[in-house]
Amino acid sequence: MTFRARHLLGIPQLAPDEIVAVLDLAERYVDLNRRTDKRADALAGLTQINLFFEPSTRTQASFELAGKRLGADVMTMGIAQSSLRKGETLIDTAMTLNAMHPDLLVVRHPASGAVHLLASKVACAVINAGDGRHEHPTQALLDALTIRRAKGRLTRLTVAICGDIAHSRVARSNIRLLGLMENRIRLIGPPTLVPPGAAEWGCEVFADMAEGLRGADVVMMLRLQRERMEGGLIPSEREYFHRYGLDAAKLRHAREDAIIMHPGPMNRGVEIDGLLADDLRRSVIQDQVEMGVAVRMAVMDLLARNLRAERGLRAAGGVLV
Ligand code: CP
């Protein structure tokens with residue numbers, strides 16, 4: 001199994017063979033998760049701490065389930081009850097937790113780059129569960145697994161990523177991963193929500209949904225991230241839905257067998273029509289949630305193997321690689 005990483009901080013650190021290694025192992029965890037007895041022991045004896053400085057439903061719940069199913073001791077820090085509320089810094093919090101010898105630290109933070117900084121201060125493996133508008137690598141991996149299962153491949157597909165690209169870490173991680181796997185990526189959104197340099201990311205950029213969706217195999221809708229917006233970047237939600245919300249009429253421009261994706265949480269009637277989101281003939285949104293648990297199990301399993309190997313080498317007085 002090829003997976004060399006010490007931490008999982010972003011997609012650029014992964015080579016295509018490492019992405020395939022994660023997805024192949026995740027397939028085995030999909031099978032396990034569908035059984036009545038879901039226990040495995042890949043993380044037995046290890047301690048996993050989940051540190052979420054921003055709200056989360058899918059990511060936090062799936063990391064917690066993933067760790068428990070693999071036999072780890074899992075603690076999720078309630079930030080609202082922590083000493084961060086008394087002025088403690090992120091680094092002091094990290095150093096405090098580090099002194100308790102965790103093996104895996106799962107971190108979500110509103111500041112881009114905060115998780116990288118934290119990884120340089122602790123002795124355990126760190127997983128980025130979303131930092132600002134920068135990266136959300138496990139979301140891109142679970143999206144990749146969902147696409148590969150629905151389309152039978154993860155290459156030579158036309159993927160349209162639509163909506164609030166500017167504030168989206170999901171878009172950035174997906175653009176990097178899907179680009180590495182040699183897919184054609186289209187970004188569709190109003191000019192106010194597409195970063196000026198987006199054309200240099202190796203993507204085609206469209207302001208018109210009909211043009212951008214033409215012939216797409218995958219339609220990935222994004223949430224309007226109002227919490228990261230300064231000022232009025234859209235005229236109104238009603239107008240936004242009219243021009244950029246995915247409905248049956250706009251979907252007809254994509255391929256007949258195009259799948260619909262959304263990382264969640266969804267704003268029904270803003271970026272996507274609610275009935276379309278629930279249409280299981282086209283929508284794989286619930287599959288994305290299911291794949292999230294399996295991918296996070298695979299990522300933590302692979303990081304734990306590297307951690308155990310590194311510690312084994314250290315104990316034997318060997319050279320760390
Ligand atoms: N997709 C995603 O990151 O969802 P949550 O914010 O609910 O974790």
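In the predicted model, Ile 161 has Leu 187 of β6 as its bridge partner. The two strands concerned, β5 (residues 158-162) and β6 (residues 184-188), pair in the parallel sense over five bridges, where pairing requires that DSSP finds at least two bridges between two strands. Strands (E, at least two residues) and helices (H or I, at least four) are DSSP runs numbered from the N terminus. The model is predicted, and local features need pLDDT of at least 70, side-chain atom pairs count only at pLDDT 80 or more, and totals for chains, interfaces and linings use all residues. Residues are numbered from 1 along each chain as its sequence is written, and side-chain values use heavy atoms, with hydrogens and water left out.

An open sheet of five strands has the order β7-β6-β5-β8-β9, with parallel pairing. Its edge strands, β7 (204-206) and β9 (259-261), each pair on one side only. Neighbouring strands are turned against each other by 20° on average, direction ignored; axes are lines fitted to C-alpha atoms, for helices over the stretch in contact, and angles run from 0 to 180 degrees between N-to-C directions. Helix α5 (residues 137-151) packs on this sheet, touching β8 (218-221) and β9, and its direction makes about 165° with that of β9. Contact denotes heavy atoms within 4.5 Å.

Helix α5 also packs against helix α11 (residues 285-315) at an angle of about 120°, the axes being 8 Å apart. The two helices, α5 and α11, are therefore oblique to each other, given that angles under 35 degrees count as roughly parallel, over 145 as roughly antiparallel, 65 to 115 as roughly perpendicular and the rest as oblique. Residues making the contact include Leu 141 and Leu 145 of α5 and Met 291 and Val 295 of α11.
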